[in-house]
Amino acid sequence: MNNLKNNSRKILLLVVILSVASIAGYVAFFTILKIKNNKISEKSNLIDFELAKKEKSKSVKKNLSDTEILRSQLDDYIIAKEKIDIFLEEIENLGEESGAQVILSSVNEVEYLVGKQKVKYLSIILDAEGKWADVYVLLGLLENIPKKIIIKNVFLSVLSIKEETWKGKFEFKIPIIN
């Protein structure tokens with residue numbers, strides 16, 4: 001019986017040691033798997049982030065190329081501050097094209113609130129004198145300038161019926177950028 005007790009203790013001790021060893025092995029294996037899973041997850045997230053970044057970059061490049069024509073037209077639509085003198089010369093040249101005498105009587109930089117944003121405009125008052133057809137053609141040329149021109153007021157009056165001389169006063173504004 002003593003021998004049986006010793007054998008039972010040995011078997012019990014062996015089972016306890018094997019159980020502890022298997023639990024320790026399971027915990028070690030689980031911990032290693034968890035660490036490797038976290039590393040794989042981090043790498044996967046990094047790859048997804050880089051792919052998303054690359055796709056966004058492609059999208060931005062595509063938008064840039066798709067809007068290139070519109071952006072170049074936008075430059076023609078608004079006057080740059082350094083090109084104001086050239087624009088004013090073009091306005092004066094419209095007088096020669098129309099046959100009317102043109103005088104720029106006022107040129108001011110003004111700021112208007114458009115929505116929640118301040119927009120700078122070049123406010124211009126143009127006086128013209130000539131035959132009715134010449135003054136009328138000048139108005140048409142002003143309206144057809146390939147810029148965002150906003151005509152505020154137009155005053156037309158007869159100076160001389162006999163000589164068919166008319167006077168025109170045109171007030172308009174155009175957006176400018178720095």
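The expected span of a helix is 1.5 Å times one less than its number of residues. Keep that rule at hand for this tour of a predicted model.

**Stop 1: the helix.** Select residues 84-98, which form helix α3. These 15 residues should span 21 Å, and the end C-alpha atoms are 21 Å apart, so the helix agrees with the rule.

**Stop 2: its buried side.** Now show side chains for I84, F87, L88, I91, L94, G95 and S98, all of which are buried. They cover an arc of only 115 degrees around the axis, so they sit on the same side of α3. An α-helix has 3.6 residues a turn, so residues three or four places apart point the same way.

**Stop 3: the packing partners.** What do the buried residues of α3 pack against? Colour β1 (79-80), β2 (101-114), β3 (117-131), α4 (132-143) and β5 (165-177) to see their partners.

**Stop 4: the core.** In the largest nonpolar core, which has 22 residues, select F87, I91, L122, L126, L142, F170 and F172: these touch the most other members. At least two residues of this core come from each of α3, β3, α4 and β5, and α3 gives the largest share, 5 residues.

Zoom in on F87 next. Beyond its neighbours within four places in sequence, F87 is in contact with I79, L122, I124, I145, K147 and I174.

**Last stop: past the helix end.**

Methods:
Residues numbered from 1 in each chain as written. Predicted model: local features only at pLDDT ≥ 70, side-chain atom pairs only at ≥ 80, totals over all residues. Heavy atoms only, no water. Helix = DSSP H or I, 4+ residues; strand = E, 2+ residues; numbered from the N terminus. Buried < 20%, exposed > 50% of the residue type's maximum accessible area, 1.4 Å probe, protein only. Arc of directions from axis to C-beta. Contact = heavy atoms within 4.5 Å. Core = buried A, V, L, I, M, F, W, Y, C linked by side-chain atoms within 4.5 Å.
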